[in-house]
Amino acid sequence: MDPDSDSSDDDMVRRLPMFVRITPIAEEEDQRAYAGDYEDHASTSASREGSNIVINLTDPGLLDCPICCEPLTVPVFQCDQNGHIACSLCCGKIKNKCPFCACPIGSNRCRAIEKVVESSTTPCQNSKYGCNIPVAYNKKNEHEKTCECAPCSCPYIGCNFASSAKLLYRHFSNVHLDSATSFHYDNYNDGLSFPIILKKNDNFLVVREKDSGTLFILYNRTEVLGNVVTVCCIQPSFMNDFIYVLLVTNEESSLKFRSVTRSTPSLQVDGPSPTSFLLIPSEFFNSSGQAKIDVSIRCKW
């Protein structure tokens, strides 16, 4: 079979009703009849928008590789005899032998399915959290890894609210404002800081930037040599980090620490495992078990 011939494309579309058959629909009657042909499969329906044919997949899994069950991406290959398909990664894993019929696979492209995959869109899985970007089906995983609407959880203990970072910040500002220390960014690097009182046995403190509502967690863990302190930002893990500076003093000494926040979508009650942290010796805590820390946070970008 010639993978580049137009006739092979048409043949493959006709031979794969398990996916989507795309045919010209000239009349409304034809359109209704077309949709009715697949009603029993409960997998597709068709409609017209101007000169385009719109196909709705009630089972988006139809465009997944039948071997790895991941969304198909171009190139898509078909076995030489029976038209079974597989993604390019799976062709290598199965050593170019079709697992369904044992025919060779990996040399013939399935152009018909490639066209369907490239022209299909699907909602982002974060649509319920505010993402309204129509995503190409074969780019779905790629988009969702960097979707700014990925859910983040409220750090207030006992609150189950989860949404995009933007909506989470709004929720926290409206419902839990008094539970956090508010501050302004030191974006001009002029030493703008704010004080917090850290108790020796505190697990964490929440701080909130006043203008953007961005939430940060100052984690505290007691160790043999002192208290380990680090700062994280509540946001999707791929987003830009922030620079923070911690300054702790007592009557005789001072400690200054500068690092970069880690991004995390939720509060980690037991605290993260930081690669960099401020170690505060016990002598920096007063008789009441408290230490004053001056904190400065600014954008890294």
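**View 1. Pro 99 in its loop.** Pro 99 sits in the loop between helix 3 (88-93) and strand 5 (105-109). Helices (H or I, at least four residues) and strands (E, at least two) are DSSP runs, numbered from the N terminus. The model is predicted: local features need pLDDT of at least 70, side-chain atom pairs count only at pLDDT 80 or more, and totals for chains, interfaces and linings use all residues. Residues are numbered from 1 along each chain as its sequence is written, and side-chain values use heavy atoms, with hydrogens and water left out. Pro 99 counts as partly exposed, at 48% relative accessibility. Buried means under 20% relative accessible area, exposed over 50%, partly exposed in between (1.4 Å probe, protein chains only). Not counting residues up to four places away in sequence, Pro 99 touches Ile 67 and Ile 94; contact means heavy atoms within 4.5 Å. His 84 is 15 residues apart from Pro 99 along the chain, and their C-alpha atoms are separated by 9.0 Å.

**View 2. Lys 140 in helix 5.** Helix 5 spans residues 140-145 and contains Lys 140. Is Lys 140 buried or exposed? Lys 140 is buried, because its relative accessible area is 18%. Its contacts are Thr 122, Pro 123, Gln 125 and Val 135, not counting residues up to four places away in sequence.

**View 3. The largest nonpolar core.** A nonpolar core is a set of buried Ala, Val, Leu, Ile, Met, Phe, Trp, Tyr and Cys residues joined through side-chain atoms within 4.5 Å. The largest has 40 residues. Phe 216, Leu 218, Leu 246, Ile 280, Ile 293, Val 295 and Ile 297 touch the most other members. Elements that each supply at least two residues include helix 6 (165-175), strand 13 (215-223) and strand 15 (242-249). A second, separate core holds 19 residues, among them Cys 79, Ile 105, Val 117 and Tyr 137. In soluble globular proteins, nonpolar side chains tend to be buried together.

**View 4. Strand 19 and its partners.** Eight of the ten residues of strand 19 are buried. Strand 11 pairs with strand 19 in the antiparallel sense over six bridges. Pairing requires at least two DSSP bridges between two strands. Ile 196 stands opposite Ile 293 of strand 19. Strand 15 and strand 19 also pair in the antiparallel sense, over seven bridges. There, Val 245 has Ser 296 of strand 19 as its bridge partner.

**View 5. Leu 279 in strand 18.** Leu 279 lies in strand 18. Leu 279 counts as partly exposed, at 32% relative accessibility.
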